[in-house]
Amino acid sequence: MDINQLIARRVQALRNARGLSLAALAERSGVSRSNISLIERGESSATATVLDKLAGALGVALASLFAADSAAPSRLSTPDTQPVWTDPPSGYTRRQLSPPVRSPLHMVEVVFPPGRRVAYDQTHNDADIYQQLWMLEGRIEVTSGEQRWQLMPGDCLALREGPGISYENKHDQPARYLVSLVTLPFLA
C-alpha cells in the first residue's frame, strides 16, 4: 500500500473514532482544515511537523499514524511489510518496525540525512508519550526545551514528548537510530 494512503486512512479513522470534525481537528492541531482534507484523501505528502501536530491532536504517538489497520493483524513484522515514510523537507526516513497489533509500544527505525533538522512543536496531546532513542550509527543533536544532548553510537536518551523537541544532524554522515515509544493512556 502507498504510504500516503496508509496515513490518509489512519488519520481519518482516528479522527472519526474520536468524533472530531475536520474543523475540530484543525483547531486542536493548528493544521488547516484544507490540509487535513488533502492528507485524508492521500493527495498530500505531509511533513513530519504536520503529522506530529495531527498525532498530538488525536492523542496518539506519531508512529501510530504509520500503523496499518488490518482485520487479522499479524504479530510478526517483516521488512517487506514495514511501512517506510520519508519526510519531504528533511529527507529523514522512518521505518515502522512494530507489528500492526494493538499495543501502547511502537518501535521505529530512523535514518537521518547529514545537514538536516526537524523540529516538533505539538500544540495539544491528551496522551503522555515517552520515548527512548538508541543511536546505532552516526551522530545527532537532540534538543528539548533548554536541554541539549549530543548522541553518538551506543547512547540511549529517554524523553517525554512535548513541545520544542528538535533533531539535527550537523555532520557529514547519515545517522541511524531506533526509537521506542510508549503511549499512556493507551487509546489507539
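Tyr130 lies in strand S5, residues 128–137 (strands are DSSP E runs of at least two residues, numbered from the N terminus). The model is predicted, with pLDDT of at least 70 required for local features and 80 or more for side-chain atom pairs, while totals for chains, interfaces and linings use all residues. Residues are numbered from 1 along each chain as its sequence is written, and side-chain values use heavy atoms, without hydrogens and water.

Tyr130 is classed as partly exposed because its relative accessibility is 35% (buried is under 20%, exposed over 50%, partly exposed in between; 1.4 Å probe, protein chains only). Together with Leu105, Met107, Val182 and Leu184, Tyr130 makes a nonpolar surface patch of about 380 Å². Strands S3 (105–112) and S10 (175–184) are the elements that give two or more residues to this patch.

Arg117, in strand S4 (residues 116–120), is partly exposed at 48% relative accessibility. Beyond four places in sequence, Arg117 touches Ser90, Phe112, Ser166, Tyr167 and Glu168 (heavy atoms within 4.5 Å). Its side chain makes a polar contact with that of Ser166 at 3.5 Å (N or O atoms within 3.5 Å, one able to donate a hydrogen and the other to accept it; for residues adjacent in sequence, both must be side-chain atoms).

Asp155 occupies the loop between strands S7 (147–151) and S8 (156–160) and is partly exposed at 30%. Excluding neighbours within four places, Asp155 contacts Leu133, Trp134, Met135 and Gln150.

Terms used. Patches are made of residues with over 30% relative accessible area and no salt bridge: like charges are joined within 9 Å, nonpolar side chains (Val, Leu, Ile, Met, Phe, Trp, Tyr) within 5 Å. Accessible areas come from the Shrake-Rupley method with a 1.4 Å probe; for residues, only the protein chains shown count as cover. A salt bridge is a side-chain nitrogen of Lys or Arg within 4 Å of a carboxyl oxygen of Asp or Glu. Helices (H or I, at least four residues) and strands (E, at least two) are DSSP runs, numbered from the N terminus.
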